[in-house]
Amino acid sequence: MIIDSHAHFEPRMLELDPMLAKMDQAGVDRVALIPAMNDTLPHTPEKLLALMRTLMQRAPGRAVAEAIHRALLTPEGNLRLQGDIYEIYARPDNDSVAAALRAHPDRFYGWMFLNPRNNPKVLDELEELRSIPGMVGIKLHPHWHDYRTELLNPIMRRAQDLGLPVLIHLGFRKRGAFKDLCEKFPGVNIISAHAGFPFYQDLWKYGRTVHNLYVDLSSPYIDEALARGAVEVMGAEKCLYGTDSPYGFHDGEDTYDYGAIKGWVERMPVSSKEQARMFGGNFLGLINA
Ligand SMILES: [Zn+2]
């Protein structure tokens, strides 16, 4: 069973049927979908991504990367890229993921995307969403929703009570206080998106010492070397295959290439048992399937 643990449902870039066709073509059995949180973005130049990856390897460079990130955010919390404004949605589109789950319950899981910022009803939202069959965990994005992770305490407490895993795209400094989250909520399994972005090695070293921190291997925020590094330090049992589809890794027709990150995992020097865990076993364990 091959499960993509981190993909975005973005029908403006890739609709459901072409997505299913790509999954079949690449041999991906199931995909865990993340609701859309932003206007569709222009393709990020690979040179810029490579520069950001290099900067974020160490703390001084990370400060530069943070300054670049903050310069791209407007006062309203949207993104300004190449002179154009792209909206970041305070309320991500959970409904369309719910519809995808209803249409293809055998192919998709859903992440319930919550944003605690200016949202006193966030736990009610969770309550409503988790009654939908196929919704298996909580997605959080303090990086783009721009809040300190301490704001997550009520959501984390509820996740702990409910036994739900949390997929989080960490931000810089207090927007990515992963040690606090792991220590305050030992009963929550936390998946740090994109191999621990923006902390990478620093997060892996810590992740090796705690039972409840995982990473996914998705997105052009990382490359094959970073994916391998995460697996070497944290162990295959803490790493999950994911793509960040439909962002990045465009194939010839400028549509999404599902094969790219799958190849990273296939080429890793690990046992077939470890590979199977990354490709789906770890994910199924986290959602108690
Ligand atoms: Zn993503």
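P198 sits in the loop between helix 8 (193-196) and helix 9 (201-207), where helices are DSSP runs of H or I with at least four residues and strands are runs of E with at least two, both numbered from the N terminus. The peptide bond that leads from F197 into P198 is cis, with omega near -5 degrees. This is a predicted model, in which local features need pLDDT of at least 70 and side-chain atom pairs count only at pLDDT 80 or more, while totals for chains, interfaces and linings use all residues. Residues are numbered from 1 along each chain as its sequence is written, and side-chain values use heavy atoms, with hydrogens and water left out.

The loop between helix 8 and helix 9 also holds Y200, which has a positive phi of about 40 degrees although it is not a glycine. Y200 is buried, at a relative accessible area of 0%, where buried means under 20% relative accessible area, exposed means over 50% and partly exposed lies in between, as computed with a 1.4 Å probe on protein chains only. N118 likewise is not a glycine and has a positive phi, of about 50 degrees, but N118 is exposed, with a relative accessible area of 69%, and is found in the loop between strand 5 (108-113) and helix 5 (122-129). As background to these backbone features, most residues other than glycine have a negative phi, and most peptide bonds are trans.

A cis peptide bond also runs from S245 to P246, with omega near 0 degrees, and P246 lies in the loop between strand 10 and helix 11. Since H6 belongs to strand 1 (residues 3-8) and D244 to the loop between strand 10 (239-240) and helix 11 (259-267), the pair ties together parts that are 238 residues apart in sequence. H6 and D244 are both buried.

In one of them, R53 meets D223 at 3.6 Å, N to O. Because R53 lies in helix 2 (residues 46-55) and D223 in the loop between strand 9 (213-216) and helix 10 (224-234), this pair ties together parts that are 170 residues apart in sequence. R53 counts as buried at 8% relative accessibility, whereas D223 is partly exposed at 26%.

Another salt bridge joins the side chains of R173 and E66 (3.0 Å, N to O). R173 lies in the loop between strand 7 (166-168) and helix 7 (178-184), and E66 in helix 3 (residues 59-72), so the pair ties together parts that are 107 residues apart in sequence. Here R173 is exposed, at 62% relative accessibility, while E66 is buried, with a relative accessible area of 13%. Salt bridges that share partners also join R70, R117, D146 and R175 into one network. The side chains of E10 and R12 meet as well, at 2.8 Å, N to O, and E10 is buried, with a relative accessible area of 2%.

In soluble globular proteins, nonpolar side chains tend to be buried together. The largest nonpolar core has 74 residues, and those with the most contacts inside it are I138, L217 and Y258; such a core is a set of buried Ala, Val, Leu, Ile, Met, Phe, Trp, Tyr and Cys residues joined through side-chain atoms within 4.5 Å. Apart from this core lies another, of 22 residues, among them L79, L81, Y86 and L167. Neighbours within four places in sequence left aside, I138 is in contact (heavy atoms within 4.5 Å) with residues including W111, M112, L126, I155 and V166.

Methods
A salt bridge is a side-chain nitrogen of Lys or Arg within 4 Å of a carboxyl oxygen of Asp or Glu.
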